[in-house]
Amino acid sequence: AARNHILSVPRYESHYTRKKPEKTYLPSHVSLSDLYKEYTDKYPENYVSRRIYESLFHELNITIKKPKADTCATCDKFQMKIKVTEGEEKVILQEEWETHKKKAELAYDQKKIDKQISEKNPESKTIVFDLQQCLPTPVVTSSIAFYKRQLWTYNLTVHECTSQQAECFMWHEGQAARGANEIASCLYKYLMNLRPDIKHITMYSDSCQGQNKNSHMAVMCMIALQDNTNLLSISHKFLIPGHTHMECFSDHSLSEKKKKKYSLPISHPHDWAQLMRVTGNKRPFLVTEMSTADFFDFSSLLK
């Protein structure tokens with residue numbers, strides 16, 4: 001009865017990977033606790049323990065999908081086109097979609113390889129970075145705040161893949177914007193404070209041209225190699241758009257969960273920094289509060 005109850009729940013296959021086509025998923029809003037409670041209420045005469053129920057759940061190769069803020073626009077487009085086409089055109093679309101997904105898998109595989117290299121070589125380091133969703137300041141519960149102009153606080157999270165240490169570079173819109181120069185300035189500060197024994201660094205990010213994939217970032221890397229004489233190489237690699245899940249996303253999720261339980265008021269950008277300092281899974285986040293003097297105009301060097 002427990003097995004049949006689990007299989008009765010609507011499931012779907014993920015279109016993000018082909019590695020485990022037999023694996024099926026439940027929506028992210030479903031939890032094992034809810035499923036087990038529903039089972040015990042519906043079948044009290046066929047009682048099984050929570051442990052046995054969970055064991056059956058995993059044996060069936062079912063998992064609960066992690067919530068995603070965004071889906072892949074390219075995959076969504078392919079799905080819609082394939083539904084309304086037939087014949088040779090449909091075959092061509094399916095082949096193109098498979099190629100797109102294969103590229104995404106190869107990018108993730110490359111990141112995994114770089115992480116393994118960093119684990120074996122203490123002179124190498126692999127990081128991922130991403131800008132968190134804008135943080136409103138102050139945080140007020142009144143509905144009238146929706147109609148007011150709040151100050152935005154920014155957080156660029158850099159996650160070191162070997163030690164699992166997250167470092168937050170924080171500033172507010174009164175100090176600087178959140179474009180290519182600002183992201184490059186935060187990473188420049190990070191690179192200047194690396195341990196002297198670090199010789200090679202590999203950076204991963206999404207392909208956002210306004211922030212990450214641009215000439216400003218390339219110039220910053222060139223200057224960093226000149227200013228930090230210990231560094232011998234910097235590699236900046238980009239994940240396929242729409243398939244950009246990185247470790248720093250989990251850091252952002254942790255901070256959002258921490259905010260719900262945080263008892264102190266957030267009335268100033270510094271309060272956001274204090275919240276980040278007490279956030280972390282195994283290691284508390286390191287926080288660097290950026291000053292106006294920390295931001296550089298890398299674009300001026302291109303003129």
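Lys 189 is partly exposed, with a relative accessible area of 24%; the cut-offs are under 20% for buried, over 50% for exposed and partly exposed in between, using a 1.4 Å probe and protein chains only. By salt bridge I mean a side-chain nitrogen of Lys or Arg within 4 Å of a carboxyl oxygen of Asp or Glu. Lys 189 sits in helix H6 and Asp 294 in the segment after strand E9 (286-289), so this pair ties together parts 105 residues apart in sequence.

Some housekeeping. This is a predicted model, where local features need pLDDT of at least 70 and side-chain atom pairs count only at pLDDT 80 or more, while totals for chains, interfaces and linings use all residues. Residues are numbered from 1 along each chain as its sequence is written, and side-chain values use heavy atoms, with hydrogens and water left out. Helices (H or I, at least four residues) and strands (E, at least two) are DSSP runs numbered from the N terminus.

How many salt bridges does the structure hold? Ten. One of them pairs Lys 237 with Asp 114, with the closest N and O atoms 3.0 Å apart. Lys 237 is in strand E8 (residues 233-238) and Asp 114 in helix H5 (residues 87-120), so parts 123 residues apart in sequence are tied together. Asp 114 is buried, at 7% relative accessible area, and Lys 237 is partly exposed at 27%.

Another bridge joins Lys 37 to Asp 41, at 3.1 Å between the closest N and O atoms. These two are four residues apart in helix H2 (residues 32-42), separated by about one helical turn.

Glu 182 is buried yet has no salt bridge; the nearest side chain of opposite charge, Arg 178, is 8.8 Å away. For charge, Lys and Arg count as positive, Asp and Glu as negative, and His and the chain ends are not counted. Leaving aside neighbours within four places in sequence, Glu 182 is in contact (heavy atoms within 4.5 Å) with Trp 171, Ala 176, Ala 177 and Phe 295.
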